[in-house]
Amino acid sequence: MTVRVGIPKGLLFYEYESFWRVFFESLGVEVIFSPDTNKDIMKNGLKLCEEEACLPVKIFHGHVLELADKVDMLFIPRIRSLHYREYYCPMICGLPEMVKNSVSLLPSVIDDTIDYYKHRYYKGGVVRMGLKISSDQSKIKKAYCKACKGLQNKNDYQKIPTDKNEKSYTIAIIGHTYNLTDHYMNMNLIKKIKGEGFQVLTSCMVSCGKTQPYLSKVPKRIFWSCGREILGAGLYYMHQQNIDGIIYVSCFGCGVDSLIEPYLSQQLKKVRPIPYLVISLDEHTGEAGLNTRLEAFLDMIRWRRSCANHISSYGGNLYSC
Amino acid sequence: MMEEIYIGIDVGSVSTNIVAINETKEVVFSQYIRTGGQPLESVKYGIKQLEQAIGDKMVVKGVGTTGSGRQLSGILVGADVIKNEITAHATATLSTVPDVCTIFEIGGQDSKLILLKDQIVIDFAMNTVCAAGTGSFLDHQAERLGIPIEKFGEMALQAKKDVRIAGRCTVFAESDMIAKQQFGFSKADIIKGLCEALVRNFINNLGRGKKLEPPFVFQGGVAANRGIKAAFEKEIGHPIIILPHFNVMGAIGAAILALEYIMDTGKTTKFRGFNMMEHNFSPSTFNCTGCSNCCEIIQVELDDKVIAMWGDRCGKWTNSISS
């Protein structure tokens, strides 16, 4: 019988899913993902997890529980660093310990460390994980190479439109990839905005090459990978003339956001004061609060443009768009 | 000839406000009703009052709803425009104070700060996790002190001493207040302290990092409280405008938005008419069992026919209603 490896659908899953799927499948195991976040997963996560953790980490715990009795091994790597002079946030670095401490009756956990800053290569950590499944070193290395190829293909970033769209509006949504991608947690935020006829660009679409010129001007080097991505994307978008507004999707209790967001909003005021909204996700399940803020924000953007075009002094043109 | 009117309805957590304006945006009727946990009943009651007052002389050309109960009440009355409170309040204030730059709006359960420039909203903030900057906070403390909320403002103005009360959190404010009572401060001093705590909390929480510029307009139910007005003026060091219809501004905004929509599009109103109260209108909820999200679906029936559904994440029920 093939070994089943479970990968919880949370946190860095959204960025590196394809890599790990290809890697494990090449080793001949069956990969099982937890389902998309739903009410039960969130409820269980909140119940199990340490009170002080942020919402995405709590939800991650729910995903772990969902998989715990369905798989032979759980994949919860300790991702400390994936880039030179950069770290992930302490919650992600200590994820396997947190999970093992909170969730009882776990199957065996693949929790090896990847610390690029210290070791300067990824392969060692990945091979150690492979050894938990197979003893054939060359097979593991082949699987690693195959997975890397998939990752390179994924890294072809989408082309970001930069021309001003006269008919519709373009909004940049920035935040941790898991906040933007987990549609249960963010209450279908992106779908709602698109439903109003707005074009949506996200921080996940911006490549390092685009953010580097802006990040190099930040007085102190941001050493959190996720913080760098968000700040870089935010700075990039605020310099693009076709962006009508920026939404920062944060979550309650996020340490990285608590530093990056105020810095970004300060910069925004200096560079180009366009409409800016911070949405802080928490355990609330009522959507009314989110909807009111979102609707008001989108109205504000429409209103601006209609005024710039001297169509109406107020309100009047809010519907025809 | 019958005068043409536009109705605005603002269904909030504490009050339900109904106004009617004429074509020149003058308020011809306004009603402030305590919601008392029964939004539909209060809307029906308000509409009935409106009909009795002016129903035979006017013809309704458009209806707009706003407030947290905007969707449900919009379906009940047949609204042409269903708008969020921020847009509604800004629209209403702009129609009377065109050069307004800052709007403070304090309602029952939420408070808003709206910044405008050249007649457009450029930024806004709403209170986040807690209610320690809203009308409910004052309501609660008034009850504790045994003073009717209507007299709160006047008493605050009679205060002789300054008392600093921690306004960060309703629970802590309460324990702070008890301590101050034991120190022998008068009720009036403590009430003034509470008003200042609320304002400080509002400015810190919502105005953080924002530049507040005059003219300032203060509206919402809490604007009736002269103590709060005084505290705001002290905090920002500038006089504050309170408009005659301060407590129904959201409804006025909704009415103006309805008027502009009808004027712009030339459509006829979807208003169900004054006799809608006779119809059997019943909202209900059930849990969808389609997936593990178990969304709570709100279903609205009119004379046993389902006319609206919402609350589902996937759109299965919302989309099942045609038209």
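# Briefing on a Predicted Two-Chain Model

In chain B, 16 of the 20 residues of helix α7 are buried, so this helix is largely enclosed by the rest of the structure. The model described here is predicted. The points below begin with chain A as a whole, then turn to the domains, strands and selected residues of chain B.

**Chain A as a whole**

- Chain A contains 14 helices and 10 strands. Its radius of gyration is 21 Å, close to the 20 Å that the globule rule gives for 321 residues, so chain A is as compact as a globular protein of that length.
- Along its principal axes, the C-alpha trace of chain A spans about 70 × 40 × 30 Å.
- Of the 321 residues in chain A, 56% are buried.
- Among the contacts in chain A between residues at least 6 apart in sequence, 73% join residues at least 24 apart.

**A buried loop residue in chain A**

- Asp111(A) lies in the loop between β5 (108-110) and β6 (113-115) of chain A.
- The relative accessibility of Asp111(A) is 13%, and the residue therefore counts as buried, the cut-off for this term being under 20%.
- Leaving aside residues up to four places away in sequence, Asp111(A) touches Ile76(A), Pro77(A), Arg78(A), Pro96(A), Lys100(A) and Lys132(A).

- The domain assignment of chain B gives domain 1 (3-89 + 250-278), domain 2 (98-242) and domain 3 (281-320).
- Between the C-alpha centres of domain 2 and domain 3 of chain B the distance is 39 Å.
- Helix α7 of chain B covers residues 187-206, which number 20. From its first C-alpha to its last, α7(B) reaches 28 Å, close to the 28 Å expected at 1.5 Å a residue.

**The open sheet of β1 to β5 in chain B**

- Strands of a sheet pair through backbone hydrogen bonds, either parallel or antiparallel.
- In chain B, 5 strands form an open sheet in the order β3-β2-β1-β4-β5, with mixed pairing. At the edges stand β3 (27-34) and β5 (81-82) of chain B, each with a single partner strand, so one side of each is left without a neighbour in the sheet.
- Strand β1 (residues 3-11) and strand β2 (residues 15-22) of chain B pair in the antiparallel sense over 7 bridges. Asp10(B) stands opposite Asn17(B) in β2(B).

**Gly78 of chain B**

- Gly78(B) is found in the loop between α2 (70-77) and β5 of chain B.
- With a relative accessible area of 6%, Gly78(B) is buried.
- Although Gly78(B) and Val63(B) are 15 residues apart in sequence, their C-alpha atoms are 7.4 Å apart in space.
- Not counting residues up to four places away in sequence, Gly78(B) touches Val63(B), Lys270(B), Phe271(B) and Arg272(B).

- Strand β6 (residues 102-106) of chain B is mostly covered, with 5 of its 5 residues buried.
- Thr102(B), Phe104(B) and Ile106(B) point one way from β6(B), while Ile103(B) and Glu105(B) point the other way, and all are buried.
- With strand β7 (residues 111-117) of chain B, β6(B) pairs in the antiparallel sense over 5 bridges. These two strands form a hairpin with 4 residues between them, and Glu105(B) stands opposite Lys112(B) in β7(B).
- With strand β9 (residues 216-219) of chain B, β6(B) runs parallel, joined by 4 bridges. Here Glu105(B) stands opposite Gln219(B) in β9(B).

**Strands β11 to β13 of chain B**

- Strand β11 (residues 281-287) and strand β12 (residues 296-302) of chain B run antiparallel and are joined by 7 bridges. Asn287(B) stands opposite Glu296(B) in β12(B).
- β12(B) also pairs with strand β13 (residues 305-310) of chain B, in the antiparallel sense over 5 bridges. In this pairing, Ile298(B) stands opposite Trp310(B) in β13(B).
- β12(B) and β13(B) form a hairpin with 2 residues between them, and Asp303(B) in the turn has a positive phi of about 50°.

Conventions: Residues are numbered from 1 along each chain as its sequence is written. Chains are lettered from A and ligands numbered from 1 in the order in which they are written. This is a predicted model: local features need pLDDT of at least 70, side-chain atom pairs count only at pLDDT 80 or more; totals for chains, interfaces and linings use all residues. Side-chain values use heavy atoms; hydrogens and water are left out. Domain bounds come from an automatic or database domain assignment. The expected span of a helix is 1.5 Å times one less than its number of residues. Buried means under 20% relative accessible area, exposed over 50%, partly exposed in between (1.4 Å probe, protein chains only). The radius of gyration is taken over C-alpha atoms; the globule rule is 2.2 Å times the number of residues to the power 0.38. Contact means heavy atoms within 4.5 Å. Two strands pair if DSSP finds at least two bridges between them.
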